[in-house]
Amino acid sequence: MEEVFHINEVHVGDEVQATVIRKDDGHGNILLSKVEANDVLAWQKLNQYKEEGTVLDVTVKGIVNAGVIAYVEGVRGFIPASKLSLSYVEDLNQYLNKPLQVQVIDVNEEKKRLVLSARELLRAKAEEEKKAKVSNVEVGLVTEGTVESLQPYGAFVNLGDGLSGLVHISQISAKRIKHPSAVLNVGDKVKVKVIAIKDGKLSLSMKALNDVAAEEIHEETVELPKSEELTTNLGSLFANIKLDQ
């Protein structure tokens with residue numbers, strides 16, 4: 001129903017938002033529609049929200065094929081299932097009557113189409129959380145992780161707590177290998193050392209741990225006895241030698 005205002009019902013100082021339908025309704029009155037005015041203003045706001053990337057708090061009011069429904073400024077908005085979460089959503093009903101933070105990603109007043117998304121906000125939040133976790137990691141840390149994927153250039157290792165890093169192929173083994181699969185499989189538990197942190201990314205090494213172990217073994221094999229022990233050992237050696245007369 002349109003809300004109609006007659007000019008003789010409006011007083012000086014009154015504030016109204018309305019659309020002019022007719023300048024003269026046949027009785028000398030200006031016919032206005034508040035409903036149409038609200039609709040126009042709503043779409044203007046929706047376009048502004050999209051341009052400014054405004055974060056909106058909405059509540060899911062319905063479940064439809066491949067998505068859910070929420071209202072913004074009284075306009076029916078569609079949130080595709082792929083825009084609800086960072087992972088696949090199997091049961092959309094879990095979102096019914098639940099609050100969500102979304103952004104407007106598509107507005108078309110002519111087609112009365114409004115598309116919303118929560119995914120971008122969730123991704124940004126996850127990135128911030130990851131950066132905070134990475135900031136607590138120090139170069140030199142030795143830890144254990146699980147190989148989650150193998151690429152021609154190296155292996156990605158899941159360290160737990162939302163952290164993962166790359167072991168470059170040159171840092172997997174002391175021997176030259178053509179592909180990480182030569183020594184690793186997805187699911188393997190491996191020990192790694194953090195050798196660098198750059199732009200929120202962790203560079204890991206398995207080879208560095210082997211190098212450290214080799215150095216320790218090498219140091220033990222070349223360790224010289226104390227001077228007293230050396231004298232005693234040499235004396236015992238010569239004592240057992242008989243010289244020909």
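How many bridges join β10 to β11? Select both strands and you will find six bridges, with the two running antiparallel. Strands here are DSSP runs (E, at least two residues), as helices are (H or I, at least four), and both are numbered from the N terminus. Two strands count as paired if DSSP finds at least two bridges between them.

Before you go on, a word about the model: it is predicted, so local features need pLDDT of at least 70 and side-chain atom pairs count only at pLDDT 80 or more, while totals for chains, interfaces and linings use all residues. Residues are numbered from 1 along each chain as its sequence is written, and side-chain values use heavy atoms, with hydrogens and water left out.

**Stop one: the hairpins**

Stay with β10 and β11, which form a hairpin with two residues between them. Click on G160 and then on L163 in β11, its bridge partner. In the turn, pick D161, which has a positive phi of about 60°.

To see one of the bridges, select L150 together with its partner A155 in β10.

**Stop two: from the turn to helix α2**

Go back to D161 and show its side chain. Which residue forms a salt bridge with D161? The partner is K133, with the closest N and O atoms 3.5 Å apart. The pair links distant parts of the chain: D161 sits in the loop between β10 (154-160) and β11, K133 in helix α2, 28 residues away. A salt bridge here is a side-chain nitrogen of Lys or Arg within 4 Å of a carboxyl oxygen of Asp or Glu. Side chains of opposite charge can pair when their charged atoms come close.

Is D161 buried or exposed? It counts as exposed because its relative accessibility is 59%, whereas K133 is partly exposed at 27%. The classes are buried for under 20% relative accessible area, exposed for over 50%, and partly exposed in between (1.4 Å probe, protein chains only).

A search of the whole structure finds four salt bridges. For another one, select E120 and K83, whose side chains meet at 3.5 Å, N to O. This pair, too, links distant parts of the chain, 37 residues apart: E120 is in helix α2 (residues 119-134) and K83 is in the loop between β6 (75-80) and β7 (99-108). E120 is partly exposed, with a relative accessible area of 27%; K83 is partly exposed at 23%.

While you are in helix α2, pick R123. This residue is partly exposed at 38%.

Next, select D106 and R113, a salt bridge with its closest N and O atoms 3.0 Å apart. D106 is partly exposed, with a relative accessible area of 23%, and R113 is partly exposed at 34%.

**Last stop: S173**

Finish in the loop between β11 (163-168) and β12 (189-198), where you will find S173. With a relative accessibility of 18%, S173 counts as buried. Show its side chain and look for K175: the backbone nitrogen of K175 lies 3.1 Å from a polar atom of the S173 side chain.

Methods. Polar contact = N/O pair within 3.5 Å; in protein donor to acceptor, adjacent residues only side chain to side chain.
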